[in-house]
Structures are given as C-alpha cells and as structure tokens.
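Please look over the model below before reading the points.

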Amino acid sequence: MKKITLLGITLFTAISFSATAQKSNKKMKKVLFVVTSNDKLGNTGEKTGFWSEELAAPYYELLDKGVEITIASPLGGQPPIDPKSSDPASATEDTKRFDSDKALQEKLKHTVKLSTINQADYDAVFYPGGHGPLWDLVEDQNSIALIESFYNHKKPVAFVCHAPAVLKNVKVNGNYLVKGKKITGFTNEEEEAVGLTKVVPFLLEDALSSKGGIFSKGPNWQPYAVEDGLLITGQNPASSKLVAGKLLHKLSE
C-alpha cells in the first residue's frame, strides 16, 4: 500500500514538474540585440563600433532573468567594438564579465545578418550605442523596416546612448516614430565633451528634436532613461541598465 502511495506521489511530482517546466518554457522571452558593423569614426582614421558597456549591462540584466538573446548586425559576423570602451578607466562589473565571457565572445563572432531577421521570432528589440550606428544603422533599410515592424506589432523597442539616432528615419503610419514621443539620447553637451561634434554626421539631440521628438536629458554622464509607450531610450552608457530594467518590466506586462 505504501509502495503504491509513494509511486503515486512520485508520478504526481514528475507530472507537476513537467507541467511547470513547460509553462516556464512558454514564458521565456526572446530579445533581439542589433549592433553596428561600422568601424570607421568618420574621416578621422580612428576606429569606432559599439560601446561594450552598452551591450554588456543590458545583456546580463536580461540573460540573468532568463531572457533568450540573439545578436544581429548589418553584415553579420564579428561586429567592431569601440576601442575606447575597452579602456580600463571605463570598466564596470558588467564589462569585466563581458571580457571573460567566452560564450558571449563566441556569439559575437557569429552575429546574425540583419537582413535575415524576422521580428515575429522575438518579443522586443534593443540597440546598444557607440558612435558606429551613426554611419550604418541610421540609413540601413533593414533596420528601419525592422523597428517599424516591431512597433507596429506592439512590441517594445529600446535604445541607449547613440542608438536612438537610428530612429531618425523610422516612420509609423506616415509620421516619424519619435514625433510627439518622450525621448532621450546622447546629448549635444556630451558630444561636445568628447570632442566629436564636428566629426559625427549629425547631432542626435538636434536630429530627433527636428523630427518632433520631445527630447529631455539628465546631467552629463549620469543615468537617465525615459519610456513612452513601447519606446524606451537611455541617454548615455551609464543609462544602459536603466533601459534594460524598463525593457524587462515592459516584457512582463
């Protein structure tokens, strides 16, 4: 009798565990990260790319909560990392983890080509910054169409630092997506502080404001992020984790 009872309890536990696992798997969210393929800082002869902290901090914030992440880029393969973001002076716990994370380094070597991505496979999209996107993703038709598709399908779109610049040419229902929306991004003051106002093709703050965006900002280099419906933007590298937190909250709604 005890054996039968024990068997029943074991069977019930196994079924319950299986059902819980299946339920958990169904709830697993998938987020697409889109990074630049551009490594040239205008005509300066210097290198650029994506800013490592702006990928690392959100990546681990989401990964550690069970989110599945795919990384894509316009050209596919290894995307360039801005060498300045590897400076020990810019190091954070997330970038240190990034530097020793062999699995992530391998994933970065094989980023998916952006033209092959279907938004239907993901729950949200996130763009890390760095100066690189100003020269490729802003004008990339695959990127523009992808953001429009995510937004039109009621899925969150998130950007940090220079990445909000990729919204410059994105339209929804004939209007610029940022029109009438609360947004932020790398400010004119911050661009001037790094000495690149004459190098970048345009100033992000001015460009998004000219498209009707309601641009706001915090103190230079301090964490600041804003959310307006499905649109989430962060001001600078220090805002990366804030953006990720808002994105996680949005995904849980």
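1. Helices (H or I, at least four residues) and strands (E, at least two) are DSSP runs, numbered from the N terminus. On that basis the protein has 8 helices and 11 strands. This is a predicted model, in which local features need pLDDT of at least 70 and side-chain atom pairs count only at pLDDT 80 or more, while totals for chains, interfaces and linings use all residues. Residues are numbered from 1 along each chain as its sequence is written, and side-chain values use heavy atoms, with hydrogens and water left out.

2. Buried means under 20% relative accessible area, exposed over 50%, and partly exposed in between (1.4 Å probe, protein chains only). Of the 253 residues, 48% count as buried. Contact means heavy atoms within 4.5 Å. Among contacts with a separation of 6 or more, 76% come from residues 24 or more positions apart.

3. Helix 3 (residues 93-100) has Asp94, Thr95 and Phe98 buried. Seen down the axis of helix 3, these buried residues fall within an arc of 95 degrees, so they line one face of the helix. The arc is that of the directions from the helix axis to the C-beta atoms. Glu93, Asp99 and Ser100 are exposed, on the face turned away from the buried side of helix 3. The cover over the buried residues of helix 3 includes helix 2 (52-63), helix 4 and helix 8 (240-252).

4. How do helix 3 and helix 4 (residues 102-109) pack, and at what angle? The angle is about 75 degrees, and the axes of helix 3 and helix 4 are 5 Å apart. Axes are lines fitted to C-alpha atoms, for helices over the stretch in contact, and angles run from 0 to 180 degrees between N-to-C directions. Helix 3 and helix 4 are therefore roughly perpendicular (angles under 35 degrees count as roughly parallel, over 145 as roughly antiparallel, 65 to 115 as roughly perpendicular and the rest as oblique). Phe98, Asp99 and Ser100 of helix 3 meet Lys102, Leu104, Gln105 and Leu108 of helix 4.

5. Helix 5 (residues 141-152) has 12 residues and reaches 16 Å from its first C-alpha to its last, close to the 16 Å expected at 1.5 Å a residue. The expected span is 1.5 Å times one less than the number of residues in the helix. Ser143, Ile144, Leu146, Ile147, Phe150 and Tyr151 are buried in helix 5. They line one face of helix 5, because they fall within an arc of 165 degrees seen down its axis. The buried residues of helix 5 pack against strand 1 (30-34), strand 4 (124-127), strand 5 (157-160) and strand 6 (171-172).

6. Tyr122 sits in the loop between strand 3 (112-113) and strand 4. Is Tyr122 buried or exposed? Tyr122 is buried, with a relative accessible area of 11%. Leaving aside residues up to four places away in sequence, Tyr122 touches Lys30, Val31, Leu32, Thr70, Ile117, Phe150 and Lys155. The C-alpha atoms of Tyr122 and Lys29 are separated by 7.6 Å, though the two residues are 93 apart along the chain.

7. Two backbone angles deserve a check. Most residues other than glycine have a negative phi. Cys161, not a glycine, has a positive phi of about 65 degrees. Cys161 lies in the loop between strand 5 and strand 6 and counts as buried at 2% relative accessibility. Asn173 also has a positive phi, near 55 degrees. Asn173 is in the loop between strand 6 and strand 7 (175-176) and counts as exposed at 75% relative accessibility.
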